[in-house]
Amino acid sequence: MEETPATTGLRSQAQRGSTALMQHVRKRIVDGTWPVGYRLPAERDLVDQFGIARNTLRKVMNDLESQGMITRQVGRGTFVAAKPEQDNNGAESLLQRIHGASPSEVMELRLLIEPQFVELAATRASGRDLQQITHCLDESERTTTVLDFEYWDGMLHQAILSAAHNNLLTDVYDAINGVRKQPEWESLKQRSLTPERLARYRAQHRDIVEALRRRDAEAASAAVRQHLFEVRSGMIGDV
């Protein structure tokens, strides 16, 4: 049977999504953002993030499992099993330095790059990007624990910055985002994230997303800057 344009388009979309997912998982394992034993996001979250069908996702996971990179445990989830060899010692050393940075250094760097990132996202975000951003915002609104909020907070910021469609800068931010998994960062968040501050963070997230929907780059950038100043103040005090 001859393929229709619609069928060809769906197949091409599935191929792009599966390639993006494979690169996403491999990069996080290679750079140490997802260490051995780390539990991968749930299938439904990866399906939503990459816009692929579950059978496409499972084919990618089968490939990663056959490579020995992940292991799947019934009833528990999918976990990182091994880290592939990497020859680029310079890049790995830089990632180790980023992951070993202090929360103060990380927040300074975020304040330098995120407002500019968000300006780009306001003008470049596709409809799918905005759907993913809204999904992460909704999930962060529903969280009931600090750790769950911290996870979806990170996913929201990552989705926003991914909408800027600058792969190099996105890779840099992915490495910075890995610092969130460090014990010092988690301890500071546990102590600083009071119910009152959590409510303000959620309101600030809504302001950022609303500005993105309006394509208002200036308002989105200002909202992110205000939010990051408050996050820094809550974690390490005014500097």
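**A look at the core**

Mentor: Let's start with the largest nonpolar core, which has 37 residues. Such a core is a set of buried Ala, Val, Leu, Ile, Met, Phe, Trp, Tyr and Cys residues joined through side-chain atoms within 4.5 Å; buried means under 20% relative accessible area, exposed over 50%, partly exposed in between (1.4 Å probe, protein chains only). The residues with the most contacts inside this core are Val118, Ile133, Leu156, Ile160 and Leu212.

Keep in mind that this is a predicted model: local features need pLDDT of at least 70, side-chain atom pairs count only at pLDDT 80 or more, and totals for chains, interfaces and linings use all residues. Residues are numbered from 1 along each chain as its sequence is written, and side-chain values use heavy atoms, with hydrogens and water left out.

Now, who contributes? Two or more residues come from each of helix 5 (103–124), helix 6 (127–142), helix 7 (146–162), helix 10 (195–213) and helix 11 (217–236). Helices here are DSSP runs (H or I, at least four residues), numbered from the N terminus. Helix 7 gives the most to this core, with 8 residues.

Zoom in on leucine 212: leaving aside residues up to four places away in sequence, leucine 212 touches Val118, Ala121, Ala122, Leu130, Ile133, Ile160 and Ala220, where contact means heavy atoms within 4.5 Å.

There's also a second, separate core of 18 residues, with Met22, Val25, Ile29 and Leu46 among them.
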